[in-house]
Amino acid sequence: MAQATDPGKVLDRPNGNGGEENGLARYEISFGQADTRWAEMLARNAERLLKGSYSFHWLKTDPPNFGRRAKPSSRGLTYTDINNVRPYGEVPEHVDWKSFAPRGALRDPYRAEMPIIEDYTVLDSCEVWADNVITLYEEAKARQWNATRDIPWEELKPLPDDLEKATCQLCTFLTEVEFVAGDFPAKWMYRIPQDFLEVKSFLSTQIMDEARHQEVFRKRAIAGGGLMHSAPGFEWALKAILDAPTHTMGTFLLNLLGEGLVLSIFRSGEMIAKTHVDKEIFRRCMQDEARHVSYGVMQFKYYLDNNHDREGALEQLHRFADIGERVILTAFTEPALVEPVAILLGGGLDKIDNGMEGMAHLWRMFIDEYLQRCARAGFERRERCKLPLDFPWRQG
Amino acid sequence: MSTANSAADERGPAVAFPSLEWFRRLADLMNRNRALHEHLGYIDCVAGFTITDGGAGGRPFSVQVTFEEFEAVNVREARPEDASRADFTLEAAMSTWREMIENIARGGGRPDLTHTLNYLSHMGEPIAVRSDDTMRRDMYFRYNQSLQEFVNASAQIATAFREN
């Protein structure tokens, strides 16, 4: 029987000082005293087994979802194929199932006995859904690659000192930033209920992608000389992403703006690569990143298109972007990023000025692409953009 | 017409570039090399290739290739009014295409560092990536490795370049 005792009021939150003991005590109260419905089920099940009787309730298929067989398409059996079978593809606008019960399963008769997963807080589809999420999930699975075996590491040869250091510094930057794009979806994934299974599936591929990116850039740096400098400007940008107040806001900052800029860096990285190894790395990462950008744009669009107060949502998002753009700019003006890229663009330390001119050209392209993606999502940002349209180089 | 990469050899008779036949040969090569493209993953897009001065009288010549799953399923010549059918179009002068194809052939199917599709297109020139939609344009990046392998297969074709 459920008790009124709130374990959170009995014990402090774990804080690392005695946290294990407190956490265990809270767990004991929660499952041992506060809510023991599971024990009633256990007793019921044990009694039935001891009597040697069967339930067979699970054989009933009313409502009759059972028997409508999904048919594979030429690619195999995709989420789209199984979602074509009613009602499995009916994604709710608002989720009221805060449990692990699968969407489309016979679950209503058991609602009263099911625990409620309070961590599921992202209950509106507009906060997570994107019309391309299933396509991107299938594509992500099909286009996975292996940073150990798919890169021709044996071809890596030492570069001149200035180019090697610039490459290693760029890889250090990328090692530093890539995991935020894993941590951010991971942070939100357990907040997203099971009814949005396609989104959770896609986010799990993004986490895998980012683990691989962190891996490949770490390997490249250490194989070429070593990791170099981290930078506080990177860290503040990453923190701004991780601390975003909602999933959609964070997705905007991470996938649409941040990953959009990193996609540009990957494209630049492929162009300025001085070895086939580096070219292969950047080309592979570019593809993954473009998927994340694609999800970001379409999730943002879905949010705006399905928001009951579009104008209010737009204003909130502008306020968020006012901060987010400036914090992200902190990372993209760090010398530990700008200078190595300029050296690689120019072709050497002695040609860094030429490289900075190239950076200025690329910057205009980056910003234009960012603003185009915002517009595509229905977020006209051109007039309010806090990012400089021209790279702030020798303008003073 | 000039044959660039020691043309009519064990690769068979030279095929003119640009031509529908040349791109169809690339598509055949992709479809015969399914294992490589399965390893790279799905590619689902319509890619346009425009040689701005590759047509009769120095006019543009355009081809659109439809990719589905791991194959190039359709290759067709495109008229200007077909442009929006392509998710994106790679557009460059004959000299750029020729230099890239010859470079790939010299590398035995791998371009050097300055002749990859991304290298040539990243700054907006000499290859321009045209699209009327940023999402469709981004497909060029999503499938870049597959597209690179698609053009890398040109090393297996004896190419004869048209001269206007």
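**From one residue to the interface**

Leu197(A) has 16 other C-beta atoms within 10 Å and is therefore partly exposed, since that count falls between the 12 or fewer of an exposed residue and the 20 or more of a buried one. The model is a predicted one. Leu197(A) belongs to helix α8 of chain A, which covers residues 197-224.

Helix α7 (residues 180-189) and helix α9 (residues 232-242) of chain A have axes that come within 10 Å and cross at roughly 20 degrees. Angles under 35 degrees count as roughly parallel, so α7(A) and α9(A) are roughly parallel to each other. Their crossing is right-handed. On the α7(A) side the contact is made by Val180(A), Asp183(A), Phe184(A) and Lys187(A), and on the α9(A) side by Leu238(A), Ile241(A) and Leu242(A). By class, the residues of this contact divide into 5 nonpolar, no polar and 2 charged.

In chain B, 5 strands form an open sheet with mixed pairing, in the order β5-β4-β3-β6-β7. The edges are taken by β5 (71-77) and β7 (128-130) of chain B; each has a single partner strand, so one side of each is left without a neighbour in the sheet. From one strand to the next, the twist averages 20 degrees. Within this sheet, strand β3 (residues 45-51) and strand β6 (residues 88-92) of chain B run parallel and are joined by 5 bridges. Gly48(B) stands opposite Thr89(B) of β6(B). Helix α1 (residues 20-32) of chain B packs on the sheet and touches β3, β4 (61-68) and β5 of chain B. The direction of α1(B) makes about 175 degrees with that of β5(B).

The last step is the contact between the chains. Here 20 residues of chain B are in contact with 29 residues of chain A. On the chain B side, the elements that give two or more residues are α4 (117-121), α5 (134-137), α6 (139-142) and α7 (144-152) of chain B. Of these, α7(B) gives the most, with 3 residues. The residues on the side of chain B that touches chain A divide into 8 nonpolar, 9 polar and 3 charged.

Note on methods:
Residues numbered from 1 in each chain as written. Chains lettered and ligands numbered in written order. Predicted model: local features only at pLDDT ≥ 70, side-chain atom pairs only at ≥ 80, totals over all residues. Helix = DSSP H or I, 4+ residues; strand = E, 2+ residues; numbered from the N terminus. Contact = placed C-beta atoms within 7 Å. Nonpolar A, V, L, I, M, F, W, Y, C, P; charged D, E, K, R; others polar. Pairing = 2+ DSSP bridges. Axes fitted to C-alpha atoms, helices over the stretch in contact; angles between N-to-C directions. Parallel < 35°, antiparallel > 145°, perpendicular 65-115°, else oblique. Left-handed = near helix turned anticlockwise from the far one by under 90°.
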